[in-house]
Amino acid sequence: MTDPTPTLDVADATAELIRPTDSSPFMTAADDGADLGVVVAEKRAETVRDELQTQLLVDRSRADDPPRSGDELSLSFTLDSGETRDMTAMVRDVTIDQESPDRFRIALEPAADFVFSILSFRQTFDNFEDEPVDDIIETVLERECPELATDQIGAVSQTTDLFADGSRVDDVVKTLIDRSDAFVASDGRALVVEPPGALPEPVTLSGDDHGALSVRKPDDGVANQVRVDGATDTAVDDANESQDSFVAVDEDSRETVQVETRKAQIAAVQVRTDGDPDEGDLRVRVQKTADGSPVAIDDRTSDIVASTEPAAFLATGGDFTRVPLPDHTLPEPDPTVIVETNGGSQDVGVDSTGELSYRVEFEFPLAVRERDQDSVDQHRRRQFREKKDNINTTQAARDRARADLRGRTAPRFEVSFQALSGDAFGLELLDTVTLPDAPDFVADRDLVIVERRDRYAAAQLRTELTALDPTTIS
């Protein structure tokens, strides 16, 4: 086997720092008089955030305007071979130490992955039913995380239900990735989603390509029998399904209807629509009825509950669009439903008398169980249970249970090694490898690169890699 600690020669290393409201760097490690110290970069797939430890040695003029939390940190290494390694992070913790009267050491340790930091900062209240996973992710990011690029989100056409109810966006992304068996990583400012079966053909690494292997098989997360309960399913409570024409609604011209309710909550309202994706989102509001009308139709603070369905997801041709509603309690039965838009206008169906075509739904508790018998036979029964009050359909509960099983029916299979050759140094996240010179229990598997640790110091770059059996990615 070759030298156990090889490195690559680095021709140029640059660190740039950019303020949240700017597009140009206010500090550049090489060009503006700063020196780049030791850099340790850990890039990870799955939804674990990358970490970047960086030290800058700067003079007083640079220290007068130091980095701060929220700045974008972009690092680029150009190897002697001409290849580049890039990483984009967000500054979090900043430590400034004075080393001499005019020399300061700025430690950005750790800076965190830019994409997943943004995702973790934001919440979403959007609800989706029977929509493709990729469409849901793109819609949520465009609404809540406009700094991020979505052009590397692959086609994940599997449909699912999602009731976000204020969930963090990174949790939403992880849930959707697990439900669809897709793979996720980040690339600069872009979220990367690889559909199931879309990973590249494996690269074969011989024993001369990699260092000694470290194989870990932790089983603390194993689960093979999952129960999701406390959620709800729905059925139609009241309806007027007749439709003879369409009328336009907007923020001022609304359709209203008083509905009969058997419970203290409306789970969802369905409205016939002929949606235009370039117009406004459809908004459904519920208010107490006073003398046959909404109690205060122009006052949204008087709403008992409200929800919005994105224009891109509105049904066309008079089919029903379902608008799920967040949890609430009706103060008395038979409230009034208000249908309008959030900007622009949309056509909704009415019957021959001009009354809105609608369905309202009530909810009832449900419990869903999923089991992997092969895992039970191999690893004994491992039960897991969770309560998810914001899941409102059987499909969403079943998708959640299946997502809870993803990657957990066997101990995590993790292989770490140092890159010793150009083929190994060039591996990126979500590349696949085989290790034919390893023991059979490793050599018989295709492995997915989920972590790359680069250490830069004194114009040298050292790389360590971690790969997983894709069936144990969670």
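Author: The model is predicted. Thr 432 is found in strand 31, residues 432–434. Is Thr 432 buried or exposed? Thr 432 has a relative accessible area of 6%, and because the limit for buried is under 20%, Thr 432 counts as buried. One of the listed contacts can be given in more detail: the side chain of Thr 432 reaches the backbone oxygen of Pro 200 at 2.7 Å.

Ser 69 lies in the loop between helix 1 (60–63) and strand 5 (72–79). With a relative accessible area of 53%, Ser 69 is exposed. Not counting residues up to four places away in sequence, Ser 69 touches Val 91, Arg 92 and Val 94. Ser 69 and Val 94 are 25 residues apart along the chain, and their C-alpha atoms are separated by 7.3 Å.

In soluble globular proteins, nonpolar side chains tend to be buried together. The largest nonpolar core here has 28 residues, and those touching the most other members are Leu 119, Ile 137, Leu 141, Leu 148, Val 173, Leu 191 and Val 193. At least two residues of this core come from each of helix 2 (114–121), helix 3 (133–144), helix 4 (169–180) and strand 14 (190–194). What is Leu 191 in contact with, leaving aside its neighbours within four places in sequence? The contacts of Leu 191 include Val 115, Phe 116, Leu 119, Ile 137, Leu 141 and Val 173; also among them are Ala 149, Gln 152, Ile 153, Val 184 and Ala 185.

The aromatic rings can be taken together. A pair of aromatic rings is described by the distance of the centres and the angle of the planes. A search of the whole structure finds 4 aromatic pairs. One of them is formed by Phe 362 and Phe 364, a tilted pair at 6.5 Å centre to centre with 55° between the planes. Phe 362 is buried, at 12% relative accessible area, whereas Phe 364 is partly exposed, at 32%. Phe 413 and Phe 441 form an edge-to-face pair, 6.0 Å centre to centre and 80° between the planes. Phe 413 lies in the loop between helix 6 (394–405) and strand 30 (414–418), and Phe 441 in helix 8 (residues 440–443), so this pair ties together parts that are 28 residues apart in sequence. Phe 413 is buried, with a relative accessible area of 2%; Phe 441 is partly exposed, at 41%.

The charged end of Arg 19 sits over the ring of Phe 26, 3.8 Å from its centre. The charged end of Arg 406 sits over the ring of Phe 183, 5.3 Å from its centre.

Last, a strand. In a regular strand the side chains alternate between the two faces of the sheet. Strand 19 (residues 255–258) has Glu 255 and Val 257 on a covered face, and Thr 256 and Gln 258 on an uncovered one. Strand 19 pairs with strand 26 (residues 336–342) in the antiparallel sense over 4 bridges. The bridge partner of Gln 258 in strand 26 is Thr 336.

Key:
Residues numbered from 1 in each chain as written. Predicted model: local features only at pLDDT ≥ 70, side-chain atom pairs only at ≥ 80, totals over all residues. Heavy atoms only, no water. Buried < 20%, exposed > 50% of the residue type's maximum accessible area, 1.4 Å probe, protein only. Pairing = 2+ DSSP bridges. Phe/Tyr/Trp six-rings, centres within 6.5 Å; stacked < 30°, edge-to-face > 60°. Lys NZ or Arg CZ within 6 Å of the ring centre and 35° of its normal. Polar contact = N/O pair within 3.5 Å; in protein donor to acceptor, adjacent residues only side chain to side chain. Contact = heavy atoms within 4.5 Å. Core = buried A, V, L, I, M, F, W, Y, C linked by side-chain atoms within 4.5 Å.
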